[in-house]
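Hi,

Here is the structure for you to look at. My notes on it follow below.

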Amino acid sequence: MRQLTERTPSRPNQPEEFWALLTFVPVRVDRVSFWFRVALWAALAIWAGRLLLLDIRNGEIGASFLHGPLLVFHEAGHVVFMPFGELMSIAGGTLGQLIMPAVLCGALLIKNRDPFGAAIGLWLVGVSFLDIAPYAYDALQPQLTLLGGRTGDDGGPHDWIYLLAKFGLLGRAHGVGYFFYLLGALTLLVSVWWGAWLLWRQRRHLHHDFLLDE
């Protein structure tokens with residue numbers, strides 16, 4: 001009697017599908033769009049370098065143009081997480097300014113299938129980490145001027161004094177600040193490398209189109 005073997009339906013290889021998303025390049029790449037991306041990438045790479053040179057000890061990044069938009073996400077995060085209690089409400093500021101660019105990155109990658117746009121979203125995540133770093137660093141000896149015009153030392157609402165004290169880490173505020181800085185630096189470097197690699201791949205397709213047009 002023949003024994004029937006049940007075949008298991010093949011499942012998609014998720015790592016390969018994710019890699020395909022990260023590396024997707026259209027068959028034909030428009031020249032104008034390509035050179036616009038090159039210019040944008042170069043501007044963001046230079047900007048990243050300038051941001052990485054800012055001193056987290058005195059909050060120099062607070063004078064950066066991007067601090068304003070990130071501050072909007074920060075304050076919105078406090079409101080969004082408010083229903084989850086005091087701890088989450090205060091942590092929500094930091095979470096908000098990290099989640100929003102991360103959502104942008106994911107949406108561009110998965111929904112729009114635009115890995116170059118996702119690399120820009122990741123770049124914003126890196127800048128957000130850099131923006132958080134001075135705030136955490138400042139918790140030990142508060143000097144930064146907060147939204148209300150006060151510092152954490154004279155009663156201003158300082159998120160990171162609360163958060164680090166809550167977990168007994170206030171004495172390590174400087175280390176936490178530098179940890180966020182390193183995360184931001186690494187994220188920026190990955191995003192710039194990712195964008196450059198995608199442009200290199202797109203350039204090959206652009207050259208191929210040029211040969212076809214000949």
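Start with the pocket. Helix H3 gives the most to the lining of the largest pocket, with five residues. H3 covers 67-80, and both H3 and H5 (115-137) supply at least two lining residues each. Helices here are DSSP runs of H or I with at least four residues, strands are runs of E with at least two, and numbering starts at the N terminus.

This is a predicted model: local features need pLDDT of at least 70, side-chain atom pairs count only at pLDDT 80 or more, and totals for chains, interfaces and linings use all residues. Residues are numbered from 1 along each chain as its sequence is written, and side-chain values use heavy atoms, without hydrogens and water.

Back to the pocket. In all, 19 residues line it, and His67, Leu71, Tyr135, Thr145 and Leu146 lie nearest its centre. A pocket is an open set of points on a 1 Å grid over the protein atoms alone, where a 1.4 Å probe fits, with protein on both sides within 12 Å along at least five of seven lines; lining residues have an atom within 4 Å of a point.

Now the fold. The protein has seven helices and zero strands. Its radius of gyration is 22 Å, well over the 17 Å that the globule rule gives for 214 residues, so the protein is more spread out than a compact globule. That radius is taken over C-alpha atoms, and the rule is 2.2 Å times the number of residues to the power 0.38. The C-alpha atoms fill a box of roughly 75 × 65 × 25 Å along the principal axes.

Best wishes
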